[in-house]
Amino acid sequence: MCVIDDDVSLLRALRRLLDAGGFQVKTFSSAEDFLDRPNPTPPGCLVLDVHLGGLSGFELLERLVAAGRRIPVVFITAHDDAATRDRAHRAGAVEYLRKPFDDESLIAGVNRALGPA
Amino acid sequence: MRAGASNAGTAAPPGAVERERSVWNLQPWYIVGGAVALVVQAGLIVGLLVNRAQRRRAQRELAERLRFETLVSDLSAAFISARDVPQHIERALERIVHELDLDRAVLAELGQAHDDIIWATHSWTRDGIDPLLGALPSRAYPWIAARLLDGHVVSLSRLDELPSTARTDRENLAARGTQSLVAVPLTVEGTVTGALSFSTLRAERDWPDELVPRLRLLAEVFASALARYRAETAARESEDRFRLLADTAPLMIWLSGADGRRTYFNRRWLELTGRRSEEDLGEGWADSVHADDRALAVESYRSAVSARQPFTLDYRLRRWDGDDRWVLDHGVPRIDENGAFTGYVGSVIDITALNTALRAVLESTALRSAIFGSLYGQVAAIDRDGVIIAVNHSWTRFAEEVGTDPTRGATVGVNYLDACRQAAAAGDADALRALEAITAVLTGKRPDARLEYAFRSQSVERWFEMTVEPFRRPDGGAVISYIDITRRWQAEDESRRQREELAHAQRVTTLGELSASLAHEINQPLAAIVTNAQAAIRLLDRDGIVHADVSEALTDMAADAQRASAIIRRLRALSRKEHASQRGLDLNQLVDNVVTLLRYDLARKNITVLRTADPVVPLVSGDPIQLQQVILNLLVNASEAIGNAPDGPREIAITTALRAPGLAEVRVRDTGVGANAADLERMFERFVSTKPGGLGMGLAISRSIVEAHGGRIAAETNPDRGLTLRVELPCDGSVPAIEPSLPGQISPGVWDQQRIAGERKPL
């Protein structure tokens, strides 16, 4: 799975948490970094920040969908409002979490995204 | 007659003398040649002739006397009717002139003094002789006038017969061509009133002795006829005058005898009643009185008559067309020269029109006083000097209530201006304002005046609006009214409270909005803290390390971070409402809106707002609500700064101006407590306040908003007192205002320069 967030500090914390949860995690600080990754095998799940430096989380998702890749997404955001939440659901997000979120909520969301594999 | 007259002339005594002389002339030489015997014969002849002449004279005298008697009796008969006396006198004079073969006859009135005028009132003059009528100066004939006034007859056969002392008379008579003259005094009751004179101008003639008594008799007849004529004329004129007066008088007149029975009604009365005089005379007039008024009118009249007192009655008189006219009948007793009561003279006026007008006036007055009285407000009318001439019930009630107050306790007759002066001298600022307002209206300097003020009685504070309207009448004056506007003020108070709440909410909203912009940044580290803490717990768990205290510490850390986030979230929740940015905002309009929102609040705090706007309207882009919030903040701060100042002027000057092309400025200048240099530097920082109890957020938020709009905000200390805050905003350019407000003009006009007493209430 991959985690994309422009806050490096939070990105590190998430890696620690998901590592501790037993997940294989790759982290990116921007959507562009994610798209430019050297080994672009589609991840089983994306933990995606809505507001990013360059492309936003929604725009990234739209591109992936446009490219025919359906990756389950857990959205995380520090700028929570009705419009954002609405858009996340319409984009087909598995989970939408408001920062700061609870570890159990995140892990539950990731598990659901990865599906009953 | 004429023959007789000429016969009388030739047969006069001078003729006889002539004839005796001719006897001597006829027989001169018979006597010279004759003898003494002839003397006897001659004596006999003379005797015969003399005898014959005497007989003839007697016959003539008899004839003359007869003619005279006839004339006198004719005249006496003619004079029975006094009306024709002047005419008959002239005819008589003519007859005498012809019968005596004279030239002129004159009847004259004689003044009692010698220098009086002799009035020739009647005369007859033979044809061809100058007539003589009118005024003759009696001094022209002093001797003759004096003789006549003494009752003597003046008889002159020739002017030579006048004594030497009568030279003036002689000269004047000669000048008129008079040859002979006889004049007889006219005497009435022993007094000489005039003279009857006859004269010849063509020849001299003798006036036989027997002629004089006849002329005297004639004069007596004339005198008595004239006296009677004059008396009757005077009486007739007097009566005519009375009737003329009575009939042309603009009122009805009646007369009554001592018994009260009416003896006369003038034409106007009869025209009104349409009755014949005989119908209203006596007791008949009562029939013309309206049946309902008749008994009282007659009764009152009778008792006045029996008391012989003046009276005034009013009753309805039936007009000829059946219309009832209200009349006022005023009777005054008539007292004759002996003091005896002879009846009444009454005057009657038709007062129907007057009554109608009076009733209309009364009704109009009643209506007006009812309206005046029922007015809820307290109303007083004053004359041009300020003296109260009328007050309504409400005024009186209030005056009784407040009693001791010199202005509001004033009653009719009190000079209101003096009362205001007195109160103003005692330090009542409202009384001074009232005095100025009333004086301005009384002198016409202002068309009207209106002011609001608080009135504190023992228990409660009430608000009043005072209105001064000019009293539109020739004598001038003004109408002052007070309306209790306490309830209105309470309503305004309520809306002010709501506005304050709104302002407060806006400030909180601003704070929330500010926090919203920071929420993202704050939540990021908080999320990292929470995640790190929870990751740490899981890592400890995974590695089988059991350290309860560390786990608890990490759990608390995560929880506290969550709590901090919740606080941010709650603040954000307050700013959910989003405002759209707009272009072309009229900065003047934005400022005016805020000023209007605060007007009552500022008025209550006795703060004067001076609004000055640039003649061009700066147009800005941005969020109108946020920009208004900035202005609201500045005004509220200014008013609080003034509220904290102990005394001095209470003014806020708000100016909008185009400072430079593309740069608009709003300046808010107050006369409040001001700030020191250190405060000035820090006042825009968060949580810095110079106000007791201030949050220190207002100016910080204002700065955030202004800066978000690309502008800046600054504060400076005024040279005299207070602060000026300047907000600069980029503007899109400017358009000329449709109605440029010039600098110095005050807007909005309704509350120009109002200084309204009010207690400061902290917002």
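1. pLDDT is the predictor's confidence in each residue, from 0 to 100. This is a predicted model, so start there: where pLDDT is low, the predicted coordinates should not be read in detail. Among the elements of chain A, helix H4 (residues 82-90) of chain A has the lowest mean pLDDT, 86. Strand S1 (residues 2-4) of chain A has the highest, 94.

2. Chain A overall: the mean pLDDT is 89. A value of 70 or more is reached by 98% of its residues.

3. The sheet. Chain A has an open sheet of five strands, ordered S2-S1-S3-S4-S5, with parallel pairing. Its edges are strand S2 (26-28) and strand S5 (95-98) of chain A, each of which pairs on one side only. On average, neighbouring strands of this sheet are turned by 15° against each other, direction ignored.

4. One strand pair in detail. Strand S3 (residues 46-49) and strand S4 (residues 73-77) of chain A run parallel and are joined by four bridges. Val47(A) has Val74(A), in S4(A), as its bridge partner.

5. Helix on sheet. H1(A) lies across S1, S2 and S3 of chain A. Relative to S1(A), H1(A) runs at about 160°.

6. The contact between chains. On chain A, 16 residues are in contact with 19 residues of chain B. Which helix gives the largest share of the chain A side? Helix H1 (residues 8-20) of chain A does, with seven residues. By class, the side of chain A that touches chain B has eight nonpolar residues, four polar and four charged.

Terms used. Residues are numbered from 1 along each chain as its sequence is written. Chains are lettered from A and ligands numbered from 1 in the order in which they are written. This is a predicted model: local features need pLDDT of at least 70, side-chain atom pairs count only at pLDDT 80 or more; totals for chains, interfaces and linings use all residues. Two residues are in contact if their C-beta atoms, placed from the backbone, lie within 7 Å. Helices (H or I, at least four residues) and strands (E, at least two) are DSSP runs, numbered from the N terminus. Ala, Val, Leu, Ile, Met, Phe, Trp, Tyr, Cys and Pro count as nonpolar, Asp, Glu, Lys and Arg as charged, and the others, Gly among them, as polar. Two strands pair if DSSP finds at least two bridges between them. Axes are lines fitted to C-alpha atoms, for helices over the stretch in contact, and angles run from 0 to 180 degrees between N-to-C directions.
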